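Me: Please show me the structure, and let us then work through some of its features by question and answer.

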Protein chains: 4
Amino acid sequence: MSDAFPHLESVVKEIADEMRQRPDRGEVATYIPELARADAKAFGLVVIDADGNVAAGGDSEVPFSIQSISKVFTLTLALGKIGDRLWRHVGREPSGSPFNSIVQLENERGIPRNPFINAGAIAVTDQILSGHQPREALGEILRFMQFVADDPSITIDEAVAASEQRTGFRNIALANYMKAFCVLDNPADYTLGVYFHHCAIAMSCRQLAMAGRFLVHQGRVAKNGSSVVQAERARRINAIMLMCGHYDGSGEFAYRVGLPGKSGVGGGILAIAPGKASIAVWSPGLDHSGNSHLGRIALETLTKRLGWSIFGA
Amino acid sequence: MSDAFPHLESVVKEIADEMRQRPDRGEVATYIPELARADAKAFGLVVIDADGNVAAGGDSEVPFSIQSISKVFTLTLALGKIGDRLWRHVGREPSGSPFNSIVQLENERGIPRNPFINAGAIAVTDQILSGHQPREALGEILRFMQFVADDPSITIDEAVAASEQRTGFRNIALANYMKAFCVLDNPADYTLGVYFHHCAIAMSCRQLAMAGRFLVHQGRVAKNGSSVVQAERARRINAIMLMCGHYDGSGEFAYRVGLPGKSGVGGGILAIAPGKASIAVWSPGLDHSGNSHLGRIALETLTKRLGWSIFGA
Amino acid sequence: MSDAFPHLESVVKEIADEMRQRPDRGEVATYIPELARADAKAFGLVVIDADGNVAAGGDSEVPFSIQSISKVFTLTLALGKIGDRLWRHVGREPSGSPFNSIVQLENERGIPRNPFINAGAIAVTDQILSGHQPREALGEILRFMQFVADDPSITIDEAVAASEQRTGFRNIALANYMKAFCVLDNPADYTLGVYFHHCAIAMSCRQLAMAGRFLVHQGRVAKNGSSVVQAERARRINAIMLMCGHYDGSGEFAYRVGLPGKSGVGGGILAIAPGKASIAVWSPGLDHSGNSHLGRIALETLTKRLGWSIFGA
Amino acid sequence: MSDAFPHLESVVKEIADEMRQRPDRGEVATYIPELARADAKAFGLVVIDADGNVAAGGDSEVPFSIQSISKVFTLTLALGKIGDRLWRHVGREPSGSPFNSIVQLENERGIPRNPFINAGAIAVTDQILSGHQPREALGEILRFMQFVADDPSITIDEAVAASEQRTGFRNIALANYMKAFCVLDNPADYTLGVYFHHCAIAMSCRQLAMAGRFLVHQGRVAKNGSSVVQAERARRINAIMLMCGHYDGSGEFAYRVGLPGKSGVGGGILAIAPGKASIAVWSPGLDHSGNSHLGRIALETLTKRLGWSIFGA
């Protein structure tokens, strides 16, 4: 039981119950069959507080495709490898509408706006890949995820990766567009191979909340735990999550939830209450911006009840 | 002397001294002569903490043209008048590049992306104006500013307003573009008249920091002071400031400073450390995104030294 | 009776009859009530051949609002006044989609792509205006039209002009956008006043076909008639008409009709068969690109039957 | 000696001489080494009149890389194979600025604006490929070119094709972007393989002028020669050449030269004077729109001296 937040467990259970009963669920992503098969009724929520207490509700142990949430971890890894040189290949400004991604590549010399839009995440992956074989780079990403989540059982869903690779024409276009501007260093199909695979990592809410802890504790896995990144870097990753973590719904998420977060089209969201908790939620139905519909509502409810908004307790 | 932050006063003095000695000052805005005349060497900083202690450094009493910072207050006022109906006329997503403002009006049925880009602030002003004469609406805005700053001496610089009105072709274009989509309710020149005038309000750092207090204290002017807006609304205004407060440099400001803030081309920035302090800084030289160059650096230094980033203490 | 085209009169009558019987008529422009009142069943066609023979069919004597067709004549007039200096204020490339007009102003320093999109025509009008009062400039345009049409009875429909002026927010936006880039020399409302009025000139098909003759005869009103412009200039105006004369349907018009032409939202089209004939057609129903639906079909039929395409007899 | 144009041969020689002496030559394309090696001083001009007389000047027998000029022939071939169904995959409107190509794909559901911008030519090639192996499709294109030029010696420059394929990231991006919208039927690398190879066809001015004859004679290779396409189709291909044949310089070419034409970055231009002549010119230096600088000037001079503009003799 959490000392700092004595009712945490009951709040989490309550929210999981409320969410299960809501009829509005958004639309499950259908662009690949593996995602389309997800159960629209699934809902999971896990909160790990500053003392390491775990409060879980709903389908908290069911693995799902984390998709774009992996971009938080590849960003962390790439910054660890090459530091601020990363910013020569990708910006850190919000991107406006999805419409803009390719227009802004054209206008801004092939440099994607931030590490969380597809083009930007591909550019980040390309930097992790440099000097390695795709298989090695992918191994490094997976091992990093297992390390921060403290769970060696995390794996990649190969069927999802293969499906993405078969149908990812828009990502192939983005990668080659960046190649035309010399923003990528490696062959586009190498970089995309790694990218499609790390987006296909499967994790449960519990595993994901574990993986997010270093962003709660100024870069450490726990209050006095081992350091993953420096405090300043953890803060800055949180800042980028807040600004750019929910596609064209980032403003809406900041406005309603008030926490740094990153969503994926698999229906997961990782949210960070700095100094307070790491939170993972999952519900496959998406809103019109491509973010988990119930996931966002659950997080809005949670931050309100616990007073966790970074914009004023 | 501040109890919560015992060294606040000395930190503020130190930063003011450091900033005065820096040779890099950015470029003073020159599009109207009244702004071009500003002293590039000026620098002021005022922090008012949660207990109401005031720490001031540099040119803290010199009035300057607050320009776009006024948009925080017109947003607050408009939300108070018509509540969430405001969001029919303006969005709350970051806007990407300045390039996008007019493109996105075209793509998004004339609805500006957020209340802090020019088009959005014009749409907000239009809602304050509705049912009133321009002079009345302007009086209401000015009185609101005097009220939140607790200072009836705040005035509008008529020369600045007149200059803006003479040369504001781009804003006239934006307003008429929105008229074409029926997003504005009033004659464009009425709305623009009010808009140009509220951007021309002149305030010192001290007055501005005073005016920002209600965003620190969940909508109250002081810890147990009178309420300006509800707590949730204050949080949400802070969220919009973080996402959209610095034009195309909003991501950079979040990344480096980690506080909600709003800048103006007059060189001022209002920043809010929720629960901790209201901060106003002024230095007329601008960076390439149009935000005060030294102002941003001073705020970055301040939040680092005091551990005030909302992304992790 | 025409010597060069002995069947011209019967071809014109036939086409007028065929067009009257077609059920498909497009949509009459409704953005101002004066245009919305036009009779969707109206159809007129006049061809004046190289020898000055006039073949008329349908409602050939009914005046209609020529709207954008006036831009051919303001272009001619502006080139006469300031020659190639005009091209500092406007380009002569096709503009792609209507979507682009404002985007390209942004991208291309406020210089409109060509004299036939609204922004470009406003820039041309601004050059005619320079040094004059709006009333004088408008008088000059009207007198030029009366001269080339050899008909002093042509007038401006003041009700149309007033309506356009009341609702022309998009044009006001375009004009002010160009002002922001210093592309216009005169006050925007002066230039727009002249612009809205010359678009409101009312002419019949017969008058319009008369007015187009100088583009048939290398700049002369008839084979050996008086010269309006030099031969090279007449050719070049024809070239611009072909490239840019039908908004986003210019490619379609060139592909199907194969003649330089200029349409207006009043449902009129002026088409030129160089060396052969000046043609005016009118039917108020518009296609999705804003060009007269039956007008275009009539011209396609006419050029096929007479072998008048400039792309191969 | 030409009967219709008795001075044709001397005019061609004169122009070739004048061009050789001009110091302004534009910039040779350098994006692949094979093109960069072209002699900036080279100039060739061949005119074949309606009677089949050939007038040649300068380097009229030197083969060069025809690049985008091949798109005229793939368009002709694709229309012959699937007729107007082609227009489901590509439009026929001018494209505005090069900037627009990818933006308009985004805005217009992946349908390229016309068959002469890269995306459009790739879509056309994709339709020729359908049901065939790349090698077969390429063979068909080459044989068609040999047939219309009446010259079985025309070949593909494999070094150019290989170089394009290695560096053509932007084209790979465009093709995959269209794949994302289901506009292409075949694997992108198959389609691009054929595309890069037909752009690498090498021809002399004489061969190219021969190949263009069917566009002069309403679809026949000579006045009473065998038919390549129907008369209407030949006219329409000419129309598309006029509207879209010179990238963002199409308006300029129509304005100055007044003939349908298609240029390539190898420095060649094929121009058609309907009913009068097929013209090929070559000079490797390009203007800022990517069209042969001297080639355009030579054609402007030629049409003026011979009165061949389609916009008025």
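Reply: The expected span of a helix is 1.5 Å times one less than its number of residues. Helices (H or I, at least four residues) and strands (E, at least two) are DSSP runs, numbered from the N terminus. The model is predicted: local features need pLDDT of at least 70 and side-chain atom pairs 80 or more, while totals for chains, interfaces and linings use all residues. Residues are numbered from 1 along each chain as its sequence is written, and chains are lettered from A and ligands numbered from 1 in the order in which they are written.

Me: How far apart are the end C-alpha atoms of helix H6 (residues 134–149) of chain A?

Reply: H6(A) has 16 residues, which should span 22 Å at 1.5 Å a residue. The model agrees with this, as the end C-alpha atoms are apart by 23 Å.

Me: Within what arc do the buried residues of H6(A) fall?

Reply: A residue is buried if 20 or more other C-beta atoms lie within 10 Å of its own, exposed if 12 or fewer, and partly exposed in between, with C-beta atoms placed from the backbone. The buried residues of H6(A) include A:Leu138, A:Ile141 and A:Met145, whereas A:Arg135 and A:Gly139 on the other side are exposed. Taking the directions from the helix axis to the C-beta atoms, the buried residues line one face of H6(A), because they fall within an arc of 100°.

Me: Which residue follows H6(A)?

Reply: The residue after H6(A) has a positive phi, near 55°. That residue is A:Asp150.
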